[in-house]
Amino acid sequence: MSTAPDPASLNAWYPIHTLSDLPKGEYRDKLLGREIIVSPEGVREAGSGRPLRVLRQYRYLWASLGEPDRGLFALPEAEEDDRRIVECGAVLVQASGLRIIENFLDMAHFPFVHTDILGAEPHTEVFHYTTEIRRDVDEVWATNCKFFQPQAAKSAKEGITTQYQYRVMSPFSTLLYKTCPLAENRWDVICLFVQPMEPGLCRAHPIMFLIDDESPIADLVHFQQLIFLQDRIILENQRPTLLPLEPGKEIPTRADASSIAYRRWLKEKGVMYGATGTAQ
């Protein structure tokens, strides 16, 4: 079990709080096992008072305990004027942040965990899809994904075969592009940014960038929160709590291609915070 941050985790960016409701005063929080103090002016370590590097982007205040060698990932959809930006709140999860990201990539659980919403029997097959580590941007991608869903989005009127693309931009940040029921040839974008507080305790920050000018914001938030709270039950009962990176510890299937690529990428980067095993 890794309790101290590895260099790759230390030098990454993490979401701390939404900018829209950042408290006017200071409050204490936790990041990678260290206490931090968050204020409108920025973020600092609680013990030393050392100011941390921060960014204000994509509706969040981001911070790093280390020295990131670059800024945040590109997300051009966040700048498109006709998209609804839906902040879905923060959810405390007693699980490894790496487990949370891996669960987000998993389509096989749709019919069993999100029954009659993202999946339903007998439509349980995960069709072949493509995974790759894109070296030019240092990201994991899964493309050509598709799955039949009874209600793929709040705006969906009936079941459709939904097209997906998954993208992991950092060990603790991921998103998916999915079929937009209201706009052909465009994608809805659903992001999940994770703040690892301890190896087995995180705060998840879901946010959506949608083409949907019909659904009330409250309904969109409720829909996404329902999905994530269903996932939280599974995540908090998963054993081991931390993500195993040892070969053969967990046996993958064909449907787990994105998980395999993600774990390989983590080992290459030396990410061990929230994992078991050894980095490559």
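Visitor: What counts as a helix or a strand here?
Guide: Both are DSSP runs, numbered from the N terminus: helices are H or I with at least four residues, strands are E with at least two. This is a predicted model, where local features need pLDDT of at least 70 and side-chain atom pairs count only at pLDDT 80 or more, while totals for chains, interfaces and linings use all residues. Residues are numbered from 1 along each chain as its sequence is written, and side-chain values use heavy atoms, with hydrogens and water left out.

Visitor: OK, D82. Where does D82 lie?
Guide: D82 is in the loop between β6 and β7.

Visitor: How exposed is D82?
Guide: Partly exposed, at 46% relative accessible area. The scale: buried is under 20%, exposed is over 50%, partly exposed is in between, using a 1.4 Å probe and protein chains only.

Visitor: How far apart are the C-alpha atoms of D82 and D213?
Guide: 8.4 Å, although D82 and D213 are 131 residues apart along the chain.

Visitor: On to β14. How many of its residues are buried?
Guide: 10 of 10, across residues 201–210. L201, R203, H205, I207 and F209 point one way, while C202, A204, P206, M208 and L210 point the other.

Visitor: Why the split into two sets?
Guide: In a regular strand, side chains alternate between the two faces of the sheet.

Visitor: Which strand joins β14 by nine bridges?
Guide: β13, residues 187–198, running antiparallel to β14. Two strands count as paired if DSSP finds at least two bridges between them. A hairpin of two residues links β13 to β14. Q195 has R203 as its bridge partner in β14.

Visitor: And which strand pairs with β14 over four bridges?
Guide: β7, residues 84–87, also in the antiparallel sense. L92 has R203 as its partner in β14.

Visitor: How do strands pair in general?
Guide: Through backbone hydrogen bonds, either parallel or antiparallel.

Visitor: Now β12. Why call β12 largely enclosed?
Guide: Because six of its seven residues are buried. L176 sits in β12, which covers residues 173–179. L176 has 7% relative accessibility, so it counts as buried.

Visitor: Which strand pairs with β12 over seven bridges?
Guide: β13, antiparallel. S173 stands opposite F193 of β13.

Visitor: How many bridges join β5 and β6?
Guide: Five, with β6 spanning residues 60–64. V54 has A63 of β6 as its bridge partner.

Visitor: What about the core? Which residues touch the most other members?
Guide: I36, V93, L98, I100, Y166, Y262 and L266, in the largest nonpolar core, which has 55 residues. Another core lies apart from it, with 17 residues, among them Y60, V189, I207 and F209. A nonpolar core is a set of buried Ala, Val, Leu, Ile, Met, Phe, Trp, Tyr and Cys residues joined through side-chain atoms within 4.5 Å.

Visitor: Last one: how much space lies in the second largest pocket?
Guide: About 470 Å³. Its lining has 23 residues, and D69, R70, M169, S170 and K269 are the closest to its centre. On a 1 Å grid over the protein atoms alone, a cavity is a set of points where a 1.4 Å probe fits but cannot get out; a pocket is an open set with protein on both sides within 12 Å along at least five of seven lines, and lining residues have an atom within 4 Å of a point. Grid points are joined across faces, edges and corners, and the volume is the space filled by probe spheres set on the points.

Visitor: Which element gives the most to that lining?
Guide: β11, with three residues. β11 (160–170) and α5 (257–269) each supply at least two.

Visitor: How many of the lining residues are charged?
Guide: Seven, alongside 12 nonpolar and four polar. Asp, Glu, Lys and Arg count as charged; Ala, Val, Leu, Ile, Met, Phe, Trp, Tyr, Cys and Pro as nonpolar; the others, Gly among them, as polar.
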